[in-house]
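Work through the exercises below with the sequence and the coordinates open. Each task is followed by a solution in steps.

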Amino acid sequence: MNTLLCDILRFGFFGGDNPVERRSVDEGMWQRLFEESRKEAVTALLYDAILKLPPQQRPPKKILFHFTSYTSTVETDGRRRECVLKEFLGLVKDTLAVSPILVKGISLAQYYPEPLHRECGDNDLYTGDSTQAISSFFESKGLTVDRKDPRHDTLSYHEVLFELHNYLLYRNDDIRWTGVSMSLGDGSTLLHLPPEQEAFFVANHIEYRATFFNEAVRLRSLLDWSMLVTSKGFDFGELNRIKKGTDVDVFVDLLTNYCMQQFGLKGLTVPELPTDKCLTPDDFYRLFMQVPERHPWALVRVCRRTWKYLRYNRKYHALYGKSMFRRFYFKNLGVAIKQHV
């Protein structure tokens, strides 16, 4: 991960030192930062941080125009997605007397100073026992609903993708989720998870994508986590109660320590990593971000994972209380091979 990119975001969002005034950043470097920010889905957020720099330290006009144009597109997409979401929720409430709970996406965006600058993809909703009724309703309106995934149904409404979740966690071991009111910029409200429940779900989502799909954790996820746990009134004690004994118990502490190392997170009391767990914040990068590009040959991918699990076996055991072979591979290898990995 680009250190300068991280440092500028730290400066812009968490009160870190200005990293540009102590080094020369030429046009080529700004262009590379722009390109990497797109890969990490933080371009509009980086633009916000850049605007806090003194004018003489900002990118050249040509590069700054790229940031401005891209940010405008993110805002436009965000407004449209939010508008469609409100229409969707209003229709469901009026017709079925159901109020789904928004998760991720727009919900996490509300923790940023400029919510529309947090890039989103689809709209994720926790619909629980109402999932089938909502899906059937939209099917009756002529929409196609994909029901292949037992965890969620998927449909497109006004060209915006919606995922209607029967359950949120990946082993169908949900806690009792609750909805609290959230105000949008136009004064309208909807339901989302309390911050501590949102954090528990987000941690599960980050960990699962990194472990099961072998995806590197993106910078946007680290920013989401940092904005969430430093939000006003966030209760780490409640999060600790929720996560205790779960698969992400130690993972949450490792993630938080790594974000603290990258962003500072002033005012946050960082949970200490257990001294007997042989874990340091840098281990988060090694285990969850240091991922090579996907190789076209399945055998190579399997060998790479196997070597990583062997190399960091002690670290994984500290995280999960078992080896990754026991936790992941033995259970999923057959499925992976069947699906050509």
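**Exercise 1.** In which helix is the place of Ala 298? Classify the residue as buried, partly exposed or exposed.

Solution. The model is a predicted one. Step one: Ala 298 belongs to helix H12, which covers residues 298-311. Step two: the relative accessible area of Ala 298 is 27%. Buried means under 20% and exposed means over 50%, so Ala 298 is partly exposed. Step three, on distance: Asp 249 lies 49 residues from Ala 298 in sequence, and their C-alpha atoms are 31 Å apart in space.

**Exercise 2.** Describe how helix H1 and helix H3 meet.

Solution. Begin with the geometry. H1 spans residues 3-14 and H3 spans residues 43-50; their axes come within 8 Å and cross at roughly 60°. The crossing of H1 past H3 is left-handed. Next, list the residues in contact. H1 contributes Leu 5, Ile 8, Leu 9, Phe 11, Gly 12 and Phe 13, while H3 contributes Leu 45, Leu 46, Asp 48 and Ala 49. Finally, sort the residues of this contact: eight are nonpolar, one is polar and one is charged. Gly counts as polar and Asp as charged in this scheme.

**Exercise 3.** Determine the pairing of strands S6 and S7, and assign the residues of S7 to its two faces.

Solution. Step one: S6 (residues 180-183) pairs with S7 in the antiparallel sense, over four bridges. Step two: within the pair, Met 182 stands opposite Leu 190 of S7. Step three: the two strands form a hairpin with five residues between them. In the turn, Gly 187 has a positive phi of about 95°. Step four: S7 runs over residues 189-192, with Leu 190 and His 192 on the covered face and Thr 189 and Leu 191 on the uncovered one.

**Exercise 4.** How many disulfides does a search of the whole structure find? Account for Cys 6 and Cys 120.

Solution. The search finds zero disulfides. A disulfide is a covalent bond between the sulfur atoms of two cysteines. The cut-off for the sulfur pair is 2.5 Å. For Cys 6, the closest cysteine sulfur is that of Cys 259, 8.7 Å away, which is too far for a bond. For Cys 120, the closest cysteine sulfur is in Cys 83, at 15 Å, so this pair is also too far for a bond. As for accessibility, Cys 6 counts as buried at 1% relative accessibility. Cys 120 also counts as buried, at 19%, because buried means under 20%.

Notes. Residues are numbered from 1 along each chain as its sequence is written. This is a predicted model: local features need pLDDT of at least 70, side-chain atom pairs count only at pLDDT 80 or more; totals for chains, interfaces and linings use all residues. Side-chain values use heavy atoms; hydrogens and water are left out. Buried means under 20% relative accessible area, exposed over 50%, partly exposed in between (1.4 Å probe, protein chains only). Two strands pair if DSSP finds at least two bridges between them. Axes are lines fitted to C-alpha atoms, for helices over the stretch in contact, and angles run from 0 to 180 degrees between N-to-C directions. A crossing is left-handed if the near helix is turned anticlockwise from the far one by less than a right angle, and right-handed if clockwise. Contact means heavy atoms within 4.5 Å.
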